[in-house]
Amino acid sequence: MNSHDIIILGGGLIGQTMALALDKHGLSSVVIDPVDPTTTLTTDFDGRVTAISSSSWKLFDALGLGPRMRAEACPIQRIEVRDGADGAPLDFQSDQDDDALGLMLENRILRRELWALLQQAPHVTRKFGQRAVTLDRGPHRVTAVLEDGSVLTAPLVLVCEGRHSTTRAEAGIAVAAWDYASMSIVTAMDHEVDHQGTAHQIFYPGGPVALLPMNPGTRSALVWSLPEAEARGMVKLGERAFLAEVSRVTAGLLGDMKLVAPRALYPLHFRHTAKMTETRLALVGDAGHGIHPIAGQGFNLGLRDVAAMAEVLVEAARLGLDLGDAQVLARYQRWRAADVMAVTFACDSLVRLFGVPGKAARAVRRMGLGMVQRAKPLKDLFMSEARGESGALPVMLKGDLVEPA
Ligand SMILES: Cc1cc2nc3c(=O)[nH]c(=O)nc-3n(C[C@H](O)[C@H](O)[C@H](O)COP(=O)(O)OP(=O)(O)OC[C@H]3O[C@@H](n4cnc5c(N)ncnc54)[C@H](O)[C@@H]3O)c2cc1C
């Protein structure tokens, strides 16, 4: 029987970051994931580009990940939001002497560097290509038996299995769940006009279109959400016809375009859990909240879970507490509940607000965008949300490690 401080179920982006955050503070973990990294590290496994908020990047810096990826990430200097391609833009811009609003990072780079650091992490045991066949959460310990017969035990299991988590269901945690009947088309294009670090978000009743800046300045990622049948039809179009559609919905902002990545489809779901903890178990990342990518917040929200959970556990360990104790988990639940609820429902409301068709609805939305454009305090509030800097921040989101007691 192998004993660890924490068992982590799910070694996706969040599970691996969680393990690294614990490792940095000397806490041991074992990460279990049925998918082998030879699959997830291939370049065509995950073609997405993620908007990383500036506070999330500080967590990467604290973990030693940031400096390894900074040169390959593209800073977002400005965000323009429109209701339809002909709507007046609401823009958010970083001050001259200020940091960028965030960074665009290709998921394949993040996966590559996370995996490289995980190999060197002295307190992380990797059990990839393995599944827990049983998970017993007793009053004092959690015990997992894997397919290869190994028996692992820890005082706490962190569930990072993504939005379709089976362990969450087995633990009986209630989930509000619906599908948006929409899919995001994800790809990347080279284009004629330099993006100058601007991210564009254009809303349509069928779903938003996002153009996200990449390196070099003549490359952008596209995330275009559409009703399922339309999205499926759109990816079947030839490249020329597809790009003509992209040009139409983005009012030709980027000039002539050429596809530089395959078109991938992602179904969109909503998942909100009634609570994030159960006996000797806590949900981290998408397992606790699956949201629409409308505002590029899902992963950032999960990183805030990671930073809060790591801080709670490190402080509990230093006080000699049982890491799976109900009081320890209650602190995590209290810390994360409001932020998760606010972001989850704000994203869902945005989808609904911009999904209302018709001229009257559009006029009201455009008036709202115009009001925010003119109200500096409101704009500052949205900017601080986009940067992930609102609320009580765990120390790792300020770029530091948890101080010794
Ligand atoms: C189109 C699109 C664009 C997005 N853009 C952004 C963005 O710009 N910014 C942003 O912040 N977020 C964005 N997101 C959200 C972001 O991608 C997710 O929040 C993030 O990937 C969640 O990571 P995760 O590790 O929690 O879950 P997942 O990535 O789903 O990983 C779960 C892992 O758990 C494993 N697993 C599953 N079941 C088990 C089990 N029973 N036992 C053990 N392991 C298991 C899986 O193999 C997988 O490795 C976007 C999402 C989409 C769909």
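Ala, Val, Leu, Ile, Met, Phe, Trp, Tyr, Cys and Pro count here as nonpolar, Asp, Glu, Lys and Arg as charged, and the others, Gly among them, as polar. By these classes, the shell around the ligand has 13 nonpolar, 15 polar and five charged residues. The model is predicted: local features need pLDDT of at least 70, side-chain atom pairs count only at pLDDT 80 or more, and totals for chains, interfaces and linings use all residues. Residues are numbered from 1 along each chain as its sequence is written.

Of the 33 residues around the ligand, Gly10, Gly12, Gly162, Gly285 and Gly298 come nearest. A residue counts as near a molecule or strand if its C-beta atom, placed from the backbone, lies within 6 Å of it. Several elements give two or more residues to this shell, including helix H1 (13-24), strand E3 (29-33) and strand E14 (175-191). Helix H9 (298-318) is also one of these elements, and H9 gives the largest share, four residues. Helices (H or I, at least four residues) and strands (E, at least two) are DSSP runs, numbered from the N terminus.

Now consider the whole chain. It has 12 helices and 22 strands. With 405 residues, a compact globule would have a radius of gyration near 22 Å, and the chain agrees with this because its own value is 21 Å. The radius is taken over C-alpha atoms, and the globule rule is 2.2 Å times the number of residues to the power 0.38. The C-alpha trace spans about 60 × 45 × 40 Å along its principal axes. Of the 405 residues, 45% count as buried; that is, 20 or more other C-beta atoms lie within 10 Å of their own, whereas exposed residues have 12 or fewer and partly exposed ones fall in between, with C-beta atoms placed from the backbone.

The largest nonpolar core has 109 residues, and Ile8, Met18, Met104, Leu158, Val284 and Met309 have the most contacts inside it. H9 gives the largest share of this core, 12 residues. Such a core is a set of buried Ala, Val, Leu, Ile, Met, Phe, Trp, Tyr and Cys residues joined through C-beta atoms within 7 Å. Three bridges join strand E2 (residues 6-9) to strand E13 (residues 157-159), and the two run parallel. Strands of a sheet pair through backbone hydrogen bonds, either parallel or antiparallel. E2 and E13 belong to an open sheet of six strands in the order E9-E3-E2-E13-E21-E20, with mixed pairing. Its edge strands, E9 (124-128) and E20 (277-278), each pair on one side only. Two strands pair if DSSP finds at least two bridges between them.

Helix H3 (residues 54-62) is mostly covered, with eight of its nine residues buried. Among them are Trp57, Leu59 and Phe60. The buried residues of H3 pack against E4, helix H4 (66-69), strand E8 (102-106) and H9. After H3 comes Gly64, whose phi is positive, near 85°.

Tyr266 lies in strand E19 (residues 264-273). Tyr266 is partly exposed because 16 other C-beta atoms lie within 10 Å.

Terms used. Two residues are in contact if their C-beta atoms, placed from the backbone, lie within 7 Å.
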